[in-house]
Structure formats: C-alpha cells, structure tokens
Amino acid sequence: THFLAMLAFAPTLPTGYDPFLTTLSLLIAVVALTGAFGIAGWSSKSFHPRLGGALAGLGISAMHYTGMAGFQVAGQVQWDTSYVAASVIASMLLGMLAMHLARRPDSWHGRYGAGLAFVLAICSLHFTGMAAVTILPDPLVDVPLGAVPKHVMVFFIAAASALVLAIGIAAYFADKSARGEGQARLRRLANAAIEGLIIVKDDRIIDVNTSFEELTGYRRDQVVNRGLFDTILALEGDVPALDAVKNEGMLRGADGRLIPVELLSKPADSLAGSRVYSVRDLTEKKMAEGRIH
C-alpha cells in the first residue's frame with residue numbers, strides 16, 4: 001500500500017528515489033512488524049498486544065518517513081509537524097486496535113476488524129503524512145543521477161509485492177494444513193478418553209469430546225458457547241471452585257437428570273487462558289456407597 005501510493009504521488013517536477021533509503025524503508029517495515037507481531041503474541045495479557053500494536057504503528061511511520069527521505073525532487077520539501085505527529089499517533093492507535101482485535105480470531109470482528117484496522121493504520125499514516133508535505137520548486141535543486149526513475153521502481157515494487165503475496169499464500173496453506181492435522185489428531189485422542197472432557201475459555205465451553213456427549217446426551221453444538229457452571233454443572237459448596245484441581249458435583253444431562261461426577265481440572269497448555277475439565281461418572285460408585293451404607 002505504501003509503495004504503490006508513493007508511486008501515485010506525482011508532482012509536476014522531476015523526481016527519483018534514493019535506492020539505499022528506499023530499500024532501508026522496506027527493511028525497517030519488515031523488522032519492525034516482525035518484532036511487533038512477536039511481542040503481541042508473547043502472552044494473552046492485554047499489555048503485550050497493545051505494545052506490539054504501538055510498535056507496529058511506529059514501524060509503519062519509520063518506513064514512511066525513511067522512504068520520504070529517499071524521495072528526490074527538484075525542489076525544497078517542507079513539513080507540517082502537526083500533520084506528522086497526527087499521522088504517527090493515528091498509526092499507533094489503529095495498530096493497537098488491530099492487535100487487540102486479533103486476540104479473538106474466532107469472532108467476526110476479530111477476524112475482519114483486525115485486518116481493517118491494520119489497513120487503516122497504514123492508510124492514515126500515509127495520507128496524513130503526505131498532507132504534511134509541501135514542495136516548493138527550486139531550479140537550483142537537481143535530482144541526483146543515482147536516483148531510481150519511477151518506471152524502474154514500478155517494476156521492483158510489482159516483483160516484491162508478488163513475492164510477498166506468494167510467500168504469504170504458501171505459508172497460509174501450509175499452516176492451515178498443519179493446524180488441521182494437529183486438531184484432528186488431538187480430537188481423536190480426546191475422543192479415545194473414557195472420561196468426558198470439556199475445554200472452557202472465559203467461562204464458556206469451546207469444545208467437548210464424544211464421552212461427554214454420551215454421558216450427558218448433549219450434542220457438541222448444543223453446549224458450545226454455554227457457561228459450564230450456569231446450567232450444566234453444579235459443584236459441591238456454595239461457590240463453584242473454578243481453580244480447584246479436584247472436586248465433586250452434579251452434572252445435568254440433556255433430559256434433566258442429575259449425574260454425580262468427579263471433576264478434575266488443569267490449565268490447557270496449548271490454549272492461552274483456557275482450562276480442561278475431566279468429568280468422571282460416579283453413579284455406580286454412589287449406588288455402591290448407598291448399598292454399603
């Protein structure tokens with residue numbers, strides 16, 4: 001977006017591009033955004049995505065103004081500092097919003113809103129930053145002989161853009177294939193378990209195995225996004241012990257019957273902020289205890 005928009009900027013003066021600064025601006029964007037996404041994905045705490053988003057906005061700003069420093073024109077370039085500051089701030093804020101939304105990729109606003117916010121971060125930086133530029137023609141200023149002409153820049157930008165898109169598409173399909181195989185393997189393993197397994201995130205059920213479906217009579221789609229402790233499970237005691245490693249309670253089946261269960265829980269290592277609950281049917285045990293009593 002940035003480099004194509006730069007090519008669209010066409011003052012009625014001789015222009016060119018400094019090859020070193022133009023290449024440097026691209027490298028700045030690559031390094032800064034790699035670091036930004038790394039920091040944003042470091043943990044589930046909201047501080048890291050915000051810091052990563054701010055760094056992404058700064059990286060986009062550094063890319064733009066380094067590229068503008070390499071823009072050669074037969075005139076004097078003047079800057080309006082208020083527009084420059086506004087462009088950097090807007091880019092940082094929208095970058096923070098994009099990273100914040102990207103933390104929830106399963107929701108529509110996370111999947112599409114994050115991309116839209118990131119595009120707006122780039123566009124707001126570019127167009128606000130270009131509004132800060134005033135070029136005064138100066139016959140005493142010549143475009144250096146080493147500057148790269150626009151038609152040559154078009155070729156290099158088209159080649160680089162095609163390469164980036166090809167790498168991104170290849171990486172997407174490779175990641176999708178690996179992720180699908182991993183999820184299928186985990187689901188087969190979970191379905192092989194005798195106990196019912198429940199994965200909960202933000203107090204909402206996100207997945208169950210077939211043993212849980214057989215135990216309760218619920219289908220997976222009937223319980224996903226429902227609160228585990230609202231209508232399905234009641235633990236012993238006045239307050240549900242969400243962090244308890246082991247507890248007993250009553251599980252309500254789809255037909256309304258109450259099933260005594262033993263509940264084991266632990267954090268899910270592969271899903272940040274999630275817990276895995278294992279429910280074991282205690283019906284026979286309770287009946288035996290009753291007969292012994």
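**Figure 1. Overview of the predicted model.** The protein has eleven helices and ten strands. Helices (H or I, at least four residues) and strands (E, at least two) are DSSP runs, numbered from the N terminus. This is a predicted model, in which local features need pLDDT of at least 70 and side-chain atom pairs count only at pLDDT 80 or more, while totals for chains, interfaces and linings use all residues. Residues are numbered from 1 along each chain as its sequence is written, and side-chain values use heavy atoms, with hydrogens and water left out. Of the 293 residues, 34% are buried. Buried means under 20% relative accessible area, exposed over 50%, and partly exposed in between (1.4 Å probe, protein chains only). The accessible surface is about 17500 Å² (Shrake-Rupley method, 1.4 Å probe; for residues, only the protein chains shown count as cover). Carbon and sulfur atoms hold 65% of that surface.

Figure 2. S61 sits in helix α3, which spans residues 47–69. Is S61 buried or exposed? S61 is buried, because its relative accessible area is 4%. Leaving aside residues up to four places away in sequence, S61 touches V88, S91 and L125. Contact here means heavy atoms within 4.5 Å. Across the protein, 58% of the contacts with a separation of 6 or more join residues 24 or more positions apart.

**Figure 3. Close-up of a nonpolar surface patch.** L165, I169, Y172 and F173 make a nonpolar patch of about 460 Å². Patch residues have over 30% relative accessible area and no salt bridge, and nonpolar side chains (Val, Leu, Ile, Met, Phe, Trp, Tyr) are joined within 5 Å; like charges are joined within 9 Å. A salt bridge is a side-chain nitrogen of Lys or Arg within 4 Å of a carboxyl oxygen of Asp or Glu. L165 belongs to helix α7, residues 150–191. L165 is exposed, because its relative accessible area is 56%.
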